[in-house]
Amino acid sequence: MVAINDRVKETTTTTGQGTVDLGGAKTGFETFVERIGNGNQTYYCIAAEGGAEFEVGIGTVTSGTPDTLSRDTVLSNSDNNTNKVTFSAGTKEVFCTLPASKACLLYTSPSPRDRQKYRMPSSA
């Protein structure tokens with residue numbers, strides 16, 4: 001099972017394609033170990049600050065010195081594929097996310113306004 005939680009964000013300066021060393025919570029946020037827990041998997045995003053590199057995937061949190069996040073399965077990235085990004089030097093934000101491909105949306109009946117706007121029959 002994959003755990004998710006709100007307001008989990010840390011930084012990293014890890015480069016390459018390996019496991020990410022987590023650098024501590026950003027101000028106003030909590031760490032992966034605090035909110036996801038040691039040994040648990042979570043959805044993550046790694047995004048270069050001020051850059052175009054990003055990766056969304058499933059990773060495993062490990063408590064240690066430093067805490068780490070493994071990059072187990074890549075779901076999407078800035079290269080438009082499912083390979084691990086080779087991150088360049090610089091600070092990256094690492095945060096919990098719910099990938100769009102994993103979201104489950106609850107559909108409710110369209111309102112009369114939506115029916116009119118999207119030219120839906122009134123029985124829809």
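R7 sits in the loop between β1 (2–3) and β2 (9–12). Strands here are DSSP runs of E, at least two residues long, and helices are runs of H or I, at least four residues long; both are numbered from the N terminus. R7 is not a glycine, yet its phi is positive, about 60°. R7 counts as partly exposed because its relative accessible area is 49%. The cut-offs are these: buried is under 20% relative accessible area, exposed is over 50%, and partly exposed is in between (1.4 Å probe, protein chains only).

N80 also has a positive phi, near 60°, and is a residue other than glycine. N80 lies in the loop between β7 (73–77) and β8 (92–96). With a relative accessible area of 75%, N80 is exposed.

## Basis of the model

This is a predicted model: local features need pLDDT of at least 70, side-chain atom pairs count only at pLDDT 80 or more, and totals for chains, interfaces and linings use all residues. Residues are numbered from 1 along each chain as its sequence is written, and side-chain values use heavy atoms, with hydrogens and water left out.

## A cis peptide bond

Which residues does a cis peptide bond join? They are T65 and P66, with omega at about 0°. P66 is found in the loop between β5 (54–62) and β6 (68–69).

## Two glycines

G24 is in the loop between β3 (20–21) and α1 (32–35). Its relative accessibility is 23%, so G24 counts as partly exposed. Leaving out residues up to four places away in sequence, G24 touches K9, E10 and T11. Contact means heavy atoms within 4.5 Å. G24 and M1 are 23 residues apart along the chain, and their C-alpha atoms are separated by 24 Å.

G18 is in the loop between β2 and β3. G18 counts as partly exposed because its relative accessibility is 35%. G18 and S70 are 52 residues apart in sequence, but 7.4 Å apart in space, C-alpha to C-alpha.

## Fold and overall shape

The protein chain has 2 helices and 8 strands. Along the sequence they run β-β-β-α-β-β-β-β-β-α. Take contacts between residues at least 6 apart in sequence: 56% join residues at least 24 apart.

The radius of gyration of the protein chain is 18 Å, whereas a compact globule of 124 residues would have one near 14 Å. That radius is taken over C-alpha atoms, and the globule rule is 2.2 Å times the number of residues to the power 0.38. Along the principal axes, the C-alpha atoms fill a box of roughly 60 × 30 × 25 Å.

## Surface and interior

Of the 124 residues, 34% count as buried. The accessible surface of the chain is about 7,500 Å², and 48% of that belongs to carbon and sulfur atoms. Areas come from the Shrake-Rupley method with a 1.4 Å probe; for residues, only the protein chains shown count as cover.

How many cavities of 30 Å³ or more are there? The count is 1. A cavity is a set of points, on a 1 Å grid over the protein atoms alone, where a 1.4 Å probe fits but cannot get out; lining residues have an atom within 4 Å of a point. The largest cavity has a volume of about 30 Å³, the space filled by probe spheres set on points joined across faces, edges and corners. Its lining includes T12, V20, R71 and F87.

How values were computed. On a 1 Å grid over the protein atoms alone, a cavity is a set of points where a 1.4 Å probe fits but cannot get out, and a pocket is an open set with protein on both sides within 12 Å along at least five of seven lines; lining residues have an atom within 4 Å of a point.
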